[in-house]
Amino acid sequence: MATVDSFQFLYREVSRSCSPYFETLALVGALYTARRVLLLLRDCCALLRVHFLPRVIPSKKLSQRFGDWAVVYGAAEPVARAYAEELARHGISIIFVTKDHTSVRDTAASLSQSYGVETVVILADFSLDPAASKSIEEAMRGKDIGFLVNCVESSSSAPQSLIDMPEQALLEFVRKNVAVATLMTRLVLPGMLERGRGAVVNISSGACSRPLPGRVTLTASTGYLDHFSRALHLEYGGKGIFVQSLIPFQIASSEQQAASSSSTPLSRQGWFVPKPEVYARHAVSTLGVSNRTTGYWPHTLQYGLIRCIPEWIWVLGSRVLISSS
């Protein structure tokens with residue numbers, strides 16, 4: 001009995017001496033919890049403001065806000081082609097810049113027929129013709145260019161290390177996704193600044209949010225385009241130019257690609273893997289609202305989850321997946 005009394009006495013004395021520390025720890029815990037709750041509320045409000053309110057609240061026509069014409073570079077990609085179609089649905093005429101006429105010829109004709117807009121296809125291969133920008137400048141002359149859409153070429157092939165990539169393919173990938181996208185922005189910006197309005201939309205990839213083994217060039221080029229967009233918005237945002245960085249995650253292949261592809265997972269559609277048309281409709285609604293977004297609210301949930309994962313766990317998991325594939 002004496003031993004029990006001694007223990008209870010010791011416990012009361014220790015509790016009394018540690019009471020201030022317990023109260024401090026409880027206060028710190030309460031402050032941390034309150035901070036996390038406030039951040040969660042902020043993210044929820046941002047989700048509603050960017051992805052839902054613009055689709056409910058009517059706004060000015062895109063042509064009135066930014067201009068009548070759009071220049072689209074990288075329209076061979078399904079997401080860029082769908083984005084151009086969504087702009088055409090809003091009455092925006094399209095100038096396609098491509099090095100392969102056949103890849104966008106049918107798209108241009110279809111948009112003209114379906115939406116009654118003008119379409120122009122400019123052949124420009126910057127790797128072969130350093131003066132390719134002259135034909136683009138000629139096509140833009142006298143037009144109210146309100147949009148520039150640059151789209152990164154996303155590779156759907158299996159992961160590949162840097163040293164295994166052919167040199168020519170590597171140079172072409174970097175040239176198209178870094179050099180030419182930057183040059184296109186430089187070509188279109190002067191006219192936008194002169195008119196005091198315009199939108200530059202750079203569609204990269206959610207791959208820029210975390211490093212991916214086997215996808216070195218993709219993560220690097222998308223990271224460049226993302227930071228380029230943010231810096232450009234800082235430099236020209238106060239001059240009437242809206243610069244947006246779109247960082248989508250996986251988007252389903254177009255019907256043509258799905259029919260010709262032997263890899264079925266890439267063409268599988270779902271809630272988190274939308275059709276290009278669905279993604280484009282959501283992304284266009286965020287124009288003028290957010291200068292950096294995934295463009296599609298389920299992808300924003302994915303991005304928020306990825307941000308919560310420590311990078312060392314992400315890298316370890318990526319290596320395990322790569323080695324098992």
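Q: Under what relative accessible area does a residue count as buried?
A: The area is computed with a 1.4 Å probe on protein chains only. Exposed means over 50% and partly exposed lies in between, while the limit for buried is under 20%.

Q: Which atoms do the side-chain values use?
A: This is a predicted model, in which local features need pLDDT of at least 70 and side-chain atom pairs count only at pLDDT 80 or more, while totals for chains, interfaces and linings use all residues. Residues are numbered from 1 along each chain as its sequence is written, and, with hydrogens and water left out, side-chain values use heavy atoms.

Q: How many helices and strands does the chain have?
A: Helices (H or I, at least four residues) and strands (E, at least two) are DSSP runs, numbered from the N terminus. The chain has 325 residues, 39% of them buried. Its secondary structure comes to 12 helices and seven strands.

Q: Which strands stand at the edges of the sheet?
A: Two strands pair if DSSP finds at least two bridges between them. Seven strands build an open sheet in the order 3-2-1-4-5-6-7, with parallel pairing. Each edge strand has a single partner, so one side of it is left without a neighbour in the sheet; these are strand 3 (119–123) and strand 7.

Q: What is the bridge partner of V72?
A: Strand 1 (residues 69–73) runs parallel to strand 2 (residues 93–98), and five bridges join them. The partner of V72 lies in strand 2 and is F96.

Q: Which residues cover the two faces of strand 1?
A: Five of the five residues of strand 1 are buried, so the strand is largely enclosed by the rest of the structure. On one side these are W69, V71 and Y73, and on the other A70 and V72.

Q: Which residues is Y83 in contact with?
A: Contact means heavy atoms within 4.5 Å. Leaving aside neighbours within four places in sequence, the partners of Y83 are V149, V201, I203, Q244, L246, A280, A283, V284 and L287.

Q: Which residues of helix 10 are buried?
A: Seven of the 10 residues in helix 10 are buried, so this helix is largely enclosed by the rest of the structure. They are P276, Y279, A280, H282, A283, V284 and S285.

Q: How far apart in space are P248 and G295, C-alpha to C-alpha?
A: P248 sits in the loop between strand 6 and helix 8 (255–260), and it is buried at 4% relative accessible area. Not counting residues up to four places away in sequence, P248 touches I203, S204, S205, G206, Y279, T294 and H299. P248 and G295 are 47 residues apart in sequence, and their C-alpha separation in space is 6.5 Å.

Q: How much space lies in the second largest pocket?
A: Rolling a probe the size of a water molecule over the atoms shows where empty space is left. On a 1 Å grid over the protein atoms alone, where a 1.4 Å probe fits, a pocket is an open set of points with protein on both sides within 12 Å along at least five of seven lines. Grid points are joined across faces, edges and corners, and a volume is the space filled by probe spheres set on the points. For the second largest pocket this comes to about 740 Å³.

Q: Which helix supplies the largest share of the lining of the second largest pocket?
A: Lining residues have an atom within 4 Å of a point, and this pocket has 24 of them, with D43, T300, Y303, G304 and R307 nearest its centre. By class, 11 are nonpolar, seven polar and six charged, where Ala, Val, Leu, Ile, Met, Phe, Trp, Tyr, Cys and Pro count as nonpolar, Asp, Glu, Lys and Arg as charged, and the others, Gly among them, as polar. Helix 1 (2–56), strand 7 (292–293) and helix 11 (297–308) each supply at least two lining residues. The largest share, 11 residues, comes from helix 1.
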